Amino acid sequence: MEALNALMGGFAAALEPSILLYGFLGCLLGTMVGVLPGIGPALTIALLLPLTFKVPAAAMFVMFAGVYYGAMYGGSTTSILINTPGESATVVTALEGYRMARRGRAGAALATAAIGSFVAGTIATIALTFVAPLVVEAALKFGPAEYFSLMLLSLVAVSAVLGDSVLRGLVALALGLLVGLTGIDLQSGQPRFTFGAAELLDGVEFTAAAVGLFAVGEALFLAWQGRTGKDEVLKVGGRVWLTRDDLRRSWKPWLRGAAFGFPIGALPAGGAELPTLLSYYTEKKLTRHPEEFGNGAIEGVAGPEAANNASAAGVLMPLLTLGIPTSATAAVILSAFESYGIQPGPMLFTQQSGLVWTLIASLYIGNVILLLLNLPLVGIWVRLLSIPAPLLYGGIVVISTVGVYGAGNSLFDVGLLYAFGALGYAMRRFGFPVAPLVVGLILGPMMEQSMRQALTIAQGDWTTFATRPLSGTLLAIAALLLVAPRLLALLGRKRAERL
């Protein structure tokens, strides 16, 4: 009942014209970046970070949430019409969606994706509304040792799960931790890794780092690839709506997709890729039309798209309740909180209750806005795909430079922007995931603080991390995640040898 009362207060704030306008802009931008291949919510929110110095916190975070949800909606359009996922989470959608479009059923594929996203997004937001306060109550019992172990688990999970190589993920993580620890040591007062540069005494400016890694790095990488933006775009034939048979075959996958997406999205490094895959293979097992899978089965679009959007609400739960980002986008949003002097975590629901519930209420409103934006305006989104890639990414580099310079009026930050842009390009070029670096950059200082607090309480006894039950369990799970990929690979080789 308390959560409902707080949510009603959040709706009252979220429906104010100024907040509503920012929410609409976020949904519009999110849909656009979801449609355009290669541009994701992390890049877009990073580009918007300089605005955090001028826009009120509630309006800014409502816009960020709109961008995040909108990108999840919009990514299905390119997957279905040009077989090029706008987001990594919509790769599975392309398997059946593009084949539906080739058969002249693009309208039905787009409709089940949009409606399924709305249904699952709403269900997941309801779950966030009622589960988040319970997580907060549990998190209030955490001590510094538990927080250290939880952050370590998140870092290991992001590094081990993302990318093709655990080793490369850990290298990216180590680099992120190294960059994150740049600046003055709060305990000893000594500068670390500053190389005599006074601009680095306060640490690396996250806006410059994030925009460089995502925007400039992506632009350089796509320039190296030689992208021309001339993919064949299939036409949307017929009405963008569902027949009675399509609806009958879609509603159960929507619900099952939501059941996969929210809980997995809330896990460290759960993300959206795993629940979409699980949803697809579940629908393939349960379908009454197995002959259609591989040839354009509507269940193969409905389930994964629902799981994709439900996972977005799942990712927000550990961010808001524990202050732990489980994806690159969440890490960028966390840095925005810090730029406002707000620390996400259990106390956020007490100290910034109005902001939190306004944000959660805006997710309900954003789902409705996105449904209205996606279905009637699909023709406009398709036209965006004709923008030449050189113009698009050249514009992103210009906006990045102007935004970073405008945020701090510092040429040093512009130099950092391009240094991190070159690093982002090199990482993509050689297969190193960027997300572990970004999450390490954010969590590194927080993890160091928790570690020192725990050791101070334990009078320097390092065993406190293993002997406290919850902390020890989290460390054991982290260790298991490190060795699990090698064990699975070894078992796979032995099985292949037997066959």
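Predicted model: local features only at pLDDT ≥ 70, side-chain atom pairs only at ≥ 80, totals over all residues.
1. Phe195 counts as exposed because its relative accessibility is 79%, and the cut-off for exposed is over 50%.

2. Gln459 lies in the loop between α19 (435-457) and α20 (464-467). Although Gln459 is not a glycine, its phi is positive, at about 55°. With a relative accessibility of 75%, Gln459 counts as exposed.

3. Now to the helices. How do α9 and α18 pack? The axes of α9 and α18 (residues 411-429) are 6 Å apart and meet at an angle of about 50°, which means that α9 is oblique to α18. The crossing of α9 and α18 is right-handed.

4. Which residues make this contact? On the α9 side they include Ala208, Ala209, Gly212, Phe214, Gly217, Phe221 and Trp224. From α18, the contributors include Leu416, Leu417, Phe420, Gly421, Ala422, Gly424 and Tyr425. Among the others are Glu218 of α9 and Asp413, Arg428 and Arg429 of α18. By class, the residues of the contact of α9 with α18 divide into 16 nonpolar, four polar and four charged.

Technical notes
Residues numbered from 1 in each chain as written. Heavy atoms only, no water. Buried < 20%, exposed > 50% of the residue type's maximum accessible area, 1.4 Å probe, protein only. Helix = DSSP H or I, 4+ residues; strand = E, 2+ residues; numbered from the N terminus. Axes fitted to C-alpha atoms, helices over the stretch in contact; angles between N-to-C directions. Parallel < 35°, antiparallel > 145°, perpendicular 65-115°, else oblique. Left-handed = near helix turned anticlockwise from the far one by under 90°. Contact = heavy atoms within 4.5 Å. Nonpolar A, V, L, I, M, F, W, Y, C, P; charged D, E, K, R; others polar.
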